[in-house]
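The following exercises concern a single protein structure.

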Amino acid sequence: FQSIKSGDKLAMRDHGARLSAKLEDLTKMVRGDLSSCDRKKVNTLIVIEVHARDIIESFVKDSVLDETDFAWESQLKFKWDRDAGDIVINQCKGEFRYGYEYMGLNGRLVITGLTDRCYVTLTTALTYKLGGAPSGPAGTGKTETTKDLAKSMGLLCVVFNCGEVLDYKAMGAIFSGLVQCGAWGCFDEFNRIEAEVLSVVSSQIKQIQEALKANVSRFQFEGKEIKCDPRTGVFITMNPGYAGRTELPDNLKALFRPVTMIVPDLEQICEIMLFSEGFNAAKTLARKMTMLYRLAREQLSKQSHYDFGLRA
């Protein structure tokens, strides 16, 4: 962007060409003789670099020339802040510190337009000290996207499957633990919890959010004084419209930013996954694979061990 300002009109295109060359080197590496640890590293690098290349290509196509442009502002950006001596993560108006949680090499999600839009919603929610609520049908990546955002920010994300057995005491204990260690909680199928429990839960979450807004280091929660880590976040995922699910009360809805997850771009995801494993003809293979899975899903009988969706 600075080169463009100083008169080099083709700076973005040249940068895109450099990224493509780097990707070619990485795919050559994948095909080489690597230890399984290094292979995982290179796979993850390719997934991230493909997204970077796609973003730069879209900037060239839509002639994005200024760093204040929303197309750039809305990207998840990492930089080393010399004054703070720490990694700072920016997206839109939000600014976050890196969490340094050790995750091991467990790969990253393929980043599509849907993932990006979900990230923007979740980080904006965190900026205003609210929770995030991805909803949508099964297998659209609600939980995975939340986990992946936590992973890229170096934070621990603990996933809980909610059910009728959870009462307000259990929820209070979970919240108290999350707030004290600064982890994210992702509560799956949150609307399975019974309505009378949810009304107490909403006051518990409100208490936590008020403490985060006030930026206090300790606060009263459920009759105890506990410490408050500002990195904490509460996320809920929901499958709308199933039997046996309660509708969330309005005072609880107001504490979360909703984001609806729809059908992900299976072909793009498949293509990048194949590409990161070193396949050259990833584009045509991805088209064939997604077609095969679609046919299998439509024509085979329903079986509990069949899954031809995103997970497969």
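**Exercise 1: A helix and its cover**

In this predicted model, the cover over the buried residues of α10 includes α2 (11-31), α3 (36-61) and α11 (282-299). Determine which residues of helix α10 are buried, and which residue with a positive phi follows the helix.

*Solution.* 
Step 1. Helix α10 spans residues 266-276.
Step 2. A residue is buried if its relative accessible area is under 20%. Within α10, the residues that qualify are Ile269, Cys270, Ile272, Leu274, Phe275 and Ser276.
Step 3. After α10 comes Gly278, and its phi is positive, near 95 degrees.

**Exercise 2: Aromatic pairs**

State how many aromatic pairs there are, and classify the pair of Phe1 and Trp72.

*Solution.* 
Step 1. Two rings pair if their centres lie within 6.5 Å. By this rule there are 12 aromatic pairs.
Step 2. For Phe1 and Trp72, the ring centres are 5.5 Å apart and the planes stand at 65 degrees. Planes over 60 degrees apart count as edge-to-face, so this pair is edge-to-face.
Step 3. Phe1 belongs to the segment before α1 (2-5), whereas Trp72 belongs to helix α4 (residues 70-73); the pair therefore ties together parts that are 71 residues apart in sequence.
Step 4. Phe1 has a relative accessible area of 22% and is partly exposed. Trp72, with 27%, is also partly exposed.

**Exercise 3: A pair between strands**

Classify the pair of Trp184 and Phe235, and decide whether these residues are buried or exposed.

*Solution.* 
Step 1. The ring centres of Trp184 and Phe235 are 4.6 Å apart, with 50 degrees between the planes, and the pair is tilted.
Step 2. Trp184 is part of strand β6 (residues 184-188) and Phe235 of strand β9 (residues 233-236), so the pair links parts that are 51 residues apart in sequence.
Step 3. Both Trp184 and Phe235 are buried.
Step 4. One aromatic cluster is formed by Phe160, Phe175, Phe187, Phe190 and Phe256.

**Exercise 4: The surroundings of Thr121**

Find which residues Thr121 contacts, leaving aside its neighbours within four places in sequence.

*Solution.* 
Step 1. Thr121 is located in helix α5 (residues 113-127).
Step 2. Its relative accessibility is 14%, so Thr121 counts as buried.
Step 3. With those neighbours left aside, Thr121 is in contact with Arg257, Pro258 and Val259.
Step 4. Lys227 is 106 residues from Thr121 in sequence and 27 Å away in space, C-alpha to C-alpha.

Note on methods
Residues are numbered from 1 along each chain as its sequence is written. This is a predicted model: local features need pLDDT of at least 70, side-chain atom pairs count only at pLDDT 80 or more; totals for chains, interfaces and linings use all residues. Side-chain values use heavy atoms; hydrogens and water are left out. Rings of Phe, Tyr and Trp (its six-membered ring) pair if their centres lie within 6.5 Å; planes under 30 degrees apart count as stacked, over 60 as edge-to-face and the rest as tilted. Helices (H or I, at least four residues) and strands (E, at least two) are DSSP runs, numbered from the N terminus. Buried means under 20% relative accessible area, exposed over 50%, partly exposed in between (1.4 Å probe, protein chains only). Contact means heavy atoms within 4.5 Å.
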